[in-house]
Amino acid sequence: MARPLPATIDQWLEEILLAWKDARKAKPFAWLTGSRLPDTDLFHLAPLVCLKFRGKQLKGEEARRVTEGALANYVANSDSRGLESNPQLAFAVCYVGAHFVLVLVDEETANGVLDYCEKRLTI
């Protein structure tokens with residue numbers, strides 16, 4: 001069942017933190033693949049959590065497009081926002097980027113949410 005899209009910037013931050021918590025639930029299972037899943041790599045899961053929260057399919061063409069777009073957003077923002085040193089912000093960039101690819105937010109909204117997160121998400 002799809003969650004309603006956040007209506008305010010504060011609701012976006014709350015949802016991003018909830019999505020981060022959801023992604024962290026995968027950490028104990030990483031050992032099954034012979035690896036570990038540090039917080040610095042959780043941004044890879046942000047597009048899937050976006051799809052899950054929006055009630056979309058986790059596989060298929062749309063999921064591929066959303067994942068590629070969100071990760072491209074990470075690459076485009078990694079230097080300017082210091083994402084390597086802030087795992088939660090890196091997750092937020094991919095999470096909001098996934099919503100942008102799904103055309104659920106416009107560029108202005110996405111940038112506003114990320115600017116707000118940049119001031120509040122610190123580890």
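Student: Let's start with H99. Buried or exposed?

Tutor: H99 is buried, with a relative accessible area of 0%. Buried means under 20% relative accessible area, exposed over 50%, and partly exposed in between, with a 1.4 Å probe and protein chains only.

Student: Before we go on, what are the ground rules here?

Tutor: This is a predicted model, where local features need pLDDT of at least 70, side-chain atom pairs count only at pLDDT 80 or more, and totals for chains, interfaces and linings use all residues. Residues are numbered from 1 along each chain as its sequence is written, and side-chain values use heavy atoms, with hydrogens and water left out.

Student: Fine. Where does H99 sit?

Tutor: In helix α4, residues 87-101. Helices are DSSP runs (H or I, at least four residues), numbered from the N terminus.

Student: Which side chain does the H99 side chain make a polar contact with?

Tutor: That of R54, at 2.6 Å. A polar contact is a pair of N or O atoms within 3.5 Å; within protein, one must be able to donate a hydrogen and the other to accept it, and residues adjacent in sequence count only if both atoms are side-chain atoms.

Student: And what else does H99 touch?

Tutor: Leaving out residues up to four places away in sequence, H99 touches L5, W12, E15, C50, R54, L104 and V105. Contact means heavy atoms within 4.5 Å.

Student: C50 is on that list. Which residues of α2 are buried?

Tutor: A46, P47, V49, C50, L51 and F53. Helix α2 spans residues 46-53 and is mostly covered, with six of its eight residues buried. Just after α2, G55 takes a positive phi of about 75°.

Student: Back to α4. At what angle does α4 pack with α5?

Tutor: About 165°, with the axes 10 Å apart; α5 is residues 107-120. That makes α4 roughly antiparallel to α5. Axes are lines fitted to C-alpha atoms, for helices over the stretch in contact, and angles run from 0 to 180 degrees between N-to-C directions. Over 145 degrees counts as roughly antiparallel.

Student: Which residues meet there?

Tutor: From α4, L89, A92, V93, V96 and F100; from α5, E107, A110, V113, L114, C117 and E118. The residues of this contact divide into nine nonpolar, no polar and two charged. Here Ala, Val, Leu, Ile, Met, Phe, Trp, Tyr, Cys and Pro count as nonpolar, Asp, Glu, Lys and Arg as charged, and the others, Gly among them, as polar.

Student: What about α1 and α5, how do their axes cross?

Tutor: At roughly 65°, and the axes come within 10 Å. I9, D10, W12, L13 and I16 in α1 meet G112, V113, Y116, C117 and R120 in α5. That contact divides into seven nonpolar, one polar and two charged residues.

Student: New topic: Y74. Which helix is it in?

Tutor: Y74 is in helix α3, residues 61-81. At 13% relative accessibility, Y74 counts as buried.

Student: What does Y74 touch?

Tutor: F43, L83, E84, A90, V93 and C94, again skipping residues up to four places away in sequence. V93 also takes part in the contact of α4 with α5.

Methods: Helix = DSSP H or I, 4+ residues; strand = E, 2+ residues; numbered from the N terminus. Parallel < 35°, antiparallel > 145°, perpendicular 65-115°, else oblique.
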